[in-house]
Amino acid sequence: MQVRIHRGAHEIGGNCIEVAAGQDRIVLDLGRPLSAGWDDVVPLPDVSGLAAPDPTFHGVVLSHPHLDHYGLAELLHSDVSVFLGAEAERVLKAAAFFSPISKSPRLAGTLQDKVPLKLGPFTVTPYLTDHSAFDAYSLLVEAAGRRLFYTGDIRGHGRKSRLFDRLVAAARDVDVLLMEGTNVRAEATPAQRTTETDVENDLVNTLASTPGLVAVFSSAQNLDRLVTVFRAARRSGRTLVVDLYTATVATATDRPSIPQPGFEGLAVYVPQRQRRLVADSKEFERVAAVADVRMFPEDLATERGKLAFLGTSSTAAELVDAGGLRDGAVVWSLWEGYLKQPAGTRLRDLLAEAEVPLLHHHTLGTRTRRRSRSARCCLSVSAGRADSLRSDRSVR
Ligand SMILES: [Zn+2]
């Protein structure tokens, strides 16, 4: 077995790992680099079989639905077999209406926990793992008598942290471990050890000390965080109002454990931008489906002391205009670095002018952006260990 890391060895995200057994090959993840701007054209990595048919190439296995792990899949030749979790596919399809970059690739099959997938001489066994992306997997690859374990993005502090222990057990007796390392440290400060339970408790305290609306800004596809905010709202005796994007993604999971319209204590608000998307597409059934639990701007103002809100930060201005954030607070529940970018600066200015406090309740390691030179490295897996490692920092 041979392994070539085309990207992701010396930067966070943008992962692409080619695994070969003799002439046969597969690719694990096909991410768009986090350092690439939205308008940047990023070519496919130089792997035969991605852009044109090649009988020795047996497919692409995507560990989870984050752009830095699947974002280049839309460039693949239509004959390439692509695999991703079934629920991850549903989440991406639901998200695409609101976020066109969240396109799901056309899949040849779906990943299921501990159900092996045969791709030519390779057996790929997915292990459901704890990550902020829904339906995320680590991947055990077996071929030519060798075993490679690729963790994908992992964490041990989320709502599914028990999966981390299972993963440690599964990764034993492998020849090579390829591991995510966004936040690997010998020792962590208390802030770096924050768990989803800590975020929930912090939110409960904020809800108790805030007379008005508490608006939490997060990613609509971070469903662990939805569970966290919903639990905090219920513990505080408040109704959680989610935006239509969040409600749509939660419903698409078809999981009774994920808070969604129909849950007691959950309502839906349709922000202006999402109203325009519905009007332009004439898909009015999207709002009809939440009519029974829908709230309007005036409700957010009059009921503000009894509500928490979860949505995207683009809703901040209309929450201020509606009077919803009078006596309220905004909780930033994303990577702090986004607040230093232009949209983040605008948000901070808006809240400062409206005299709305901006708080931070988040865990580390769920999403990090860092600029770095691309790198590529190769290793051969033989005699039960990696016997050579070569890194070429100049290759892009
Ligand atoms: Zn990820």
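Which residues of strand β14 point one way, and which the other way? In this predicted model, β14 spans residues 266-269. Leu-266 and Val-268 point to one side of the strand, while Ala-267 and Tyr-269 point the other way. All four of these residues are buried. In general, side chains in a regular strand alternate between the two faces of the sheet.

The neighbours of β14 may be considered next. Strand β13, formed by residues 239-243, runs parallel to β14 and is joined to it by four bridges. Within this pairing, Val-268 of β14 is the bridge partner of Val-242.

Attention now turns to the metal site. A zinc ion is coordinated by His-64 through NE2, His-66 through ND1, His-131 through NE2 and Asp-153 through OD, at distances of 2.1 to 2.3 Å. Along the chain, these donors follow the spacing H-x1-H-x64-H-x21-D. Both His-64 and His-66 are buried.

The angles among the four donor atoms of the zinc ion range from 94 to 158°. A tetrahedral site would require all angles to lie between 85 and 135 degrees, and the site of the zinc ion is therefore not tetrahedral but irregular.

Technical notes:
Residues numbered from 1 in each chain as written. Predicted model: local features only at pLDDT ≥ 70, side-chain atom pairs only at ≥ 80, totals over all residues. Heavy atoms only, no water. Donors = N, O, S within 2.8 Å, 3.2 Å for Na, K, Ca; no water. Tetrahedral: all angles 85-135°; square planar, octahedral: opposite > 155°, others 65-115°. Buried < 20%, exposed > 50% of the residue type's maximum accessible area, 1.4 Å probe, protein only. Helix = DSSP H or I, 4+ residues; strand = E, 2+ residues; numbered from the N terminus. Pairing = 2+ DSSP bridges.
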